[in-house]
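Hi there,

Here is the structure I promised to pass on to you. Have a look at it first, and my notes on what I found follow below.

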Amino acid sequence: MSVAAAAPVQEAGETLLNVENVSLSFGGVRAIRDVSFEIRRGEIRAIIGPNGAGKTSMLNVINGFYHPQQGRITYKGATRRRMRPHQAAAQGIARTFQNVALFKGMTTLDNILTGRTLRMHKSFFWQLWRYGPALTEEIEHRKYCEEIIDFLEIERIRREPVGRLPYGLQKRVELGRALAMQPDLLLLDEPMAGMNLEEKEDMSRFILDVNAEFGTTIALIEHDIGVVMDLSDRIVVLDYGNKIADGKPEEVRSDRKVIDAYLGVVH
Amino acid sequence: MKLKTTLLALAAATALTALAVPAAQAEDSVFVPLFTYRTGPFAGSGIFIADGMHDYLTMLNERDGGIGGVKIAVEECETGYDTKKGLECYEAVKPKNPVMVNPWSTGITLPLIPRAAVDKIPILSMAYGLSASAQGDTFPWIFNPPDTYWDGFSQIIKFIAAQEGGLDKLKGKKIGYIYLDAGYGREPLPFLDQLSKELGFEAKLYPVPAAEMQNQSAQWLNVRRDRPNYMIMYGWGAMQPTAIKEAVKTNYPMDKFISIWWPSEDDARGAGDGAKGFKMLNWHGSTPDFPVIKDIQKYVVDAGKSQSSKEKIGTTLYNRGVYNSMLIAEAIRTAQQVTGKKVVTGEDVRRGLEDLNIDAARLKALGMEGFTGPIKLSCSDHNGHHPTFVQQWDGTKYVKVSDWIEPLSDKVQPLLQADAKAYAEKNAPWPARTEACDARS
Amino acid sequence: MFYREAGQYKTTYQADMSIFPILQDRIGLALIMVAALVLPLFAGEFMIASVMVPFLILALASIGLNILTGYTGLVSLGTGAFMGVGAYACYKLSTTFPAINILVWIVVSGFVSCAVGVLFGLPSLRIKGFYLAVATLAAQFFLQWCFVRLPWLYNYNPSGAIEVPSRTLFGIHVTGASATPTTRYYIALAIVIAVTWIVSNLVHGRVGRSFMAVRDMDIAAQLIGIRLLRTKLLAFAVSSFITGVAGAMMVFLWLGAAEADAFNINQSFVILFMVIIGGLGSLIGSFLGAALIYIMPIIVRAAPESFGLTIGAATVEHLTYLITGALIIFFLIVEPLGLARLWQIGKQKLRVWPFPY
Amino acid sequence: MSFLYSIFVDPFVQMIGAPDLLVQTLWEGLVGGVLYALIALGFVLIFKASGVFNFAQGIMMVFAALTLVGLHEKGVPAFLALALTILVMGALAFAVERVILRPLVNQPDIILFMATFGLTYVLIGLGELVFGGNPKNMITSELLLPSGSLDFNILGGLVSLQKIDIAAAIIASLMVAVLAVFFQRTRIGRALRAVADDHQAALSVGISLDQIWVIVWFTAGLVALATGIMWGARSNVSFALEIIALKALPVLILGGLTSVPGAIVGGLIIGIGEKLGEFYWGPLVGGGIESWLAYFIALAVLLFRPQGLFGEKIIERI
């Protein structure tokens, strides 16, 4: 079957990632059941659904942390059954986590610099001397990281060990680390969970800017339907591992199944 | 605050360690450091030895006012049988001009062997250390009387042969060797190999890893399987009581179980009545009934100057310490005679050791008649390869059950020479002996 | 007041990324260096031979373990054995090719222990935490067994020990009995400074960051493209290289001869103490830890004598154990992050002195 | 070829050839294993309840035995000494909770692990300071423990079981049984399991952690005492036993850090495994492989089950 058939709505921009009939289960529990959707270059794609709907599992499948039992995933035209996380990273898939997964012992700057690891090529033996090529490389990447730091307005905490930062800022640093990878596809797992309104607004702005300025394709999971509706171009709705809706925000909002699924679900 | 604590600690560290080296001893005494190990896994042997050594020297100070009118400055340094701490002790005592060092650990002796010549401090490693250091021409500063481990091994073999009625009768016999799997226990292996070929007996090896000293059931199951006619043990510390216990468990005939000279009474006692008949080599009395021990009791123990518990005085390892101190004292005394000086130095005592000649008369004078045999060293022979005897555990004490047994010198000597040569080559450039040899010896 | 970075503006990233960005730190470092250089002029032989040389060597070993445990978060109880590998390798090499200078061999022996380290590091991908710690005990006991059981390793010496032959550098004895403590001290100092410098380069760069990333959150590390196994093995390699060199130095510059027992499990534990008391993931911590754990017992032993007290040698030893243990607990309670953290706090206090904050 | 034969065939031929020796070997392994299991049991109890990897468990064993024998040496009657020793272990548990656990609560595991290293040193120092460093003989007969052996002339040979070893096996099984009941039936036991499952939850339902910890460490102390007596009887009581106690570590990870049955099964596997290995395969490499065999057995198992045989499966979530 064709990609077009899989997607209810037609949009400009070629398909960046295509998920076809993916099923995933742990032991007996089926986290994802025969889900298909696609993500197109340059769009902001939201995955929503009540708790336990399999959203995070879906992200894990996309960046190769879990391997689906059935189905195939086509990324940048290449189809693969299994992919190891670091390969996903190498192909430009970056990711933030539901509960922040920063390197707690390191400073903000180091966390973001670590995001550049894949783009640093000076060998171990240059690293031993530091001065010379290795340092030149460090410096040019430092420049890039400083741009991200400015962009996310976290100059003050540049040298803070992230472990000591408030939650909101940690989320921001984590976004910075993901951006440092200059990803083609950015997966955001509840980027605004546990944030107050102001922080949410900042974060939304950052996400939109990232999408606009860097042209990064973004797939995000978010509970705050309001935010999702404003941010995203298209939305996939999961419920108990099944895809129950897929389309533009207004379509999804008016979808009967979605409303049922969300009844009584706290946001 | 926290920081201050730390900094203070570190500052104190440097300051105190500098302090830790007091000035050299006063002129009217000779400084004899005693390396002891009253702690650690081998304390079981170390404590008695340390007490024996300490008490004899104290006794000399108390009774005779020292040696030749010179007080002996005795100082213990605890090594815990650990090489690193031992070397620390060595560095700590070196500035005080010790006349001799008794490392009391093969591990500590080995690094000291090359240093002795440089620091001009003779090393007395009594029946332990590097066997080859018996060769005075190669190792002028090292002394390991009265026997090397190879001598001891040959003596055990001779004893076994005597039981069987001659060395030739060993043909076809099975002799098991259970040993601490370390340098010390492995040293006799080539010799054992050679003997088994020459005498035609079958050698069975039962190594006990240092970490498994107290867990030997597997080794003794092997003994049960192989059923050797005799068992020889080169054990140490906690390995010995465990071995004896296991031997009893496996119903091994104890009177065919013969150890080198390190077990103590406690090692055998722990195994209960089953241990009766257990045998070991020795070269000195293991009872308190000798004048010298009586004097120690009178001048030291009763005066409350001894750390030893009463009932341990006169036991095998305590007396081993006494014997060792006797050698120290006699060496100093001889040095005084040779040099005519009262306060002797390391160089003098080295000569004193080479000129050491303790005959029956002297033993009597020392109150050691029947305690041990005469001993004589020379420039070329720093060991003496003296006879030893076998003593047997009767359930309460060790009893001498054999005559004095000479080692198989004709077999041991070549090994020693070869090894001394090898050592000098491996450690090339090894300094050739420059020390002159006194006419006396 | 005297320790202020105020007014020290960084105009280039290079300046900002230098390892000691603050002027006072650089001055302090320089002072320490000078002190280390002139120490032998004032200190007694005991101080040099039995305090400083061992301290330097143990500090180096703890730096080695710190790479593994502190930076990469892999606890190892096999340090002693890896030091042993270095020592035995160095002995074999220097006795087989006496012509080549001993210092070369000391460094080369590091590579041997590096290889062995990587081998025993392989399980670390699957096995984590305490499980891995115990798994490293396999290395500890197996290697120690080899040191005893392969006479080839100690050239079939009947003593079963490796004895350091005397070797020279520019006609000066650097190993063996005729090498003065001062010479050995300077050699050790040189090696330690060099290695420390290289390691600090390493940990401040990409490699160091990926080590720490694996330590702090290995999953996230994977998802930003860090290869777990590769990084962990690299950590094992660097770590056991350094411990190997330290082991070779221990025998050749400090002990002078060693039996297999010199590399026993307690050695591993002691180094681990130093790393953790000093501070995980801190180079300066490794030095502080080594100083505390190694030098403190010496003081405890020396103290009674210097204060004219007479306590039985054994009692002193027992007290040493007691006090060492108590201090370990004490320091953990005072500052679980180790002496290095205290150091930081101290610097912070200095920075704002004379004001409380 | 003959090499392969000596590895894969010969040992089994021997086993069949001399069944009595095989039985004897298994028995020795069993007894050794039981003692390992007891030490490991102490580890597990503490690890479950307080998440502390108690390195000092081995030393607690020696310390307990040393106290017992030391007191007796100082003229205290055997059973009074036993009672006193139990008190001492209680005091120790209390002190540990006050001095170490409470100040260090919620610190990373590695820190608590280190603290128990400190405890190890303290106990060694203290024990030797009070009772002297010289090895002591266990007062087996005074404690009315049997000595001598039961010999069976079966299987065309002799199988000899030491009465003390039989006693060890029985006492060990009794302790395990008692502990099991204690955990299943009593209120404290249930509290313990609650704590093991989730500290916060336990706190919220009003269980006092301090109290629990004291109890657990005390229990571990008792286990240590029993082990100390048994092993002391096998060789003698000295801190050299500490090395043996390390063998509990492979047992522990083999069984899984948190599983009591794991500790026991692990103990038996290691005990029997290393004895068989040493006895039948050791000679091929000149013997003495017992010092590392246990760790390799454990390592091999871990490669297939990283959480040990009975440990909870580690599921990586993000």
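Where helix 6 of chain C meets helix 12 of chain D, the residues involved are C:Tyr131, C:Val134 and C:Leu137 on one side and D:Leu249, D:Pro250 and D:Ile253 on the other. The residues of this contact are six nonpolar, with no polar and no charged ones. Please keep in mind that this is a predicted model. In chain C the helix covers residues 129-149, and its partner in chain D covers residues 248-255. Their axes come within 10 Å and cross at roughly 135°, which makes helix 6 of chain C oblique to helix 12 of chain D. The crossing of these two helices is left-handed.

Five pairs of chains touch, and the pair with the most contacts is B and C. By contrast, chains A and B do not touch, and their nearest C-alpha atoms are 21 Å apart.

The contact between chains C and B takes 54 residues from chain C and 48 residues from chain B. On the chain C side, at least two residues each come from helix 3 (45-71), helix 6, strand 4 (257-258), helix 12 (283-306), helix 13 (313-334) and helix 14 (339-352). Helix 12 of chain C gives the largest share of that side, with ten residues. Sorted by class, the side of chain C that touches chain B has 32 nonpolar, 14 polar and eight charged residues.

Helix 8 (residues 206-216) and helix 10 (residues 228-255) of chain C pack with their axes 10 Å apart, at an angle of about 110°. These two helices of chain C are therefore roughly perpendicular to each other, and their crossing is left-handed. From helix 8 of chain C come C:Val207, C:Ser210, C:Phe211 and C:Val214, which meet C:Leu228, C:Thr231, C:Lys232, C:Leu234 and C:Ala235 in helix 10 of chain C. That contact has six nonpolar, two polar and one charged residues.

Chain B is divided into two domains: domain 1 (29-147 + 287-386) and domain 2 (149-282 + 389-409). Their C-alpha centres lie 27 Å apart, and the contact between them takes 15 residues from domain 1 and 21 residues from domain 2 of chain B. On the domain 1 side, helix 2 (43-64) and helix 12 (316-339) of chain B are the elements that give two or more residues. Helix 2 of chain B gives the most to that side, with three residues. The domain 1 side of this contact has five nonpolar, nine polar and one charged residues.

Finally, a sheet in chain A. Six strands form an open sheet there, in the order 6-7-8-3-9-10, with mixed pairing. Strand 6 (93-95) and strand 10 (242-247) of chain A are the edge strands, each pairing on one side only. From one strand to the next, the twist averages 15°. Strand 9 (residues 234-239) of chain A runs antiparallel to strand 10 of chain A, and five bridges join them. In this pairing, A:Ile235 has A:Gly247 as its bridge partner in strand 10 of chain A. Helix 2 (residues 55-62) of chain A packs on the sheet and touches strands including strand 3 (44-48), strand 7 (185-189) and strand 8 (217-221) of chain A. The direction of this helix makes about 150° with that of strand 7 of chain A.

Methods:
Residues numbered from 1 in each chain as written. Chains lettered and ligands numbered in written order. Predicted model: local features only at pLDDT ≥ 70, side-chain atom pairs only at ≥ 80, totals over all residues. Axes fitted to C-alpha atoms, helices over the stretch in contact; angles between N-to-C directions. Helix = DSSP H or I, 4+ residues; strand = E, 2+ residues; numbered from the N terminus. Parallel < 35°, antiparallel > 145°, perpendicular 65-115°, else oblique. Left-handed = near helix turned anticlockwise from the far one by under 90°. Contact = placed C-beta atoms within 7 Å. Nonpolar A, V, L, I, M, F, W, Y, C, P; charged D, E, K, R; others polar. Domains from an automatic or database assignment. Pairing = 2+ DSSP bridges.
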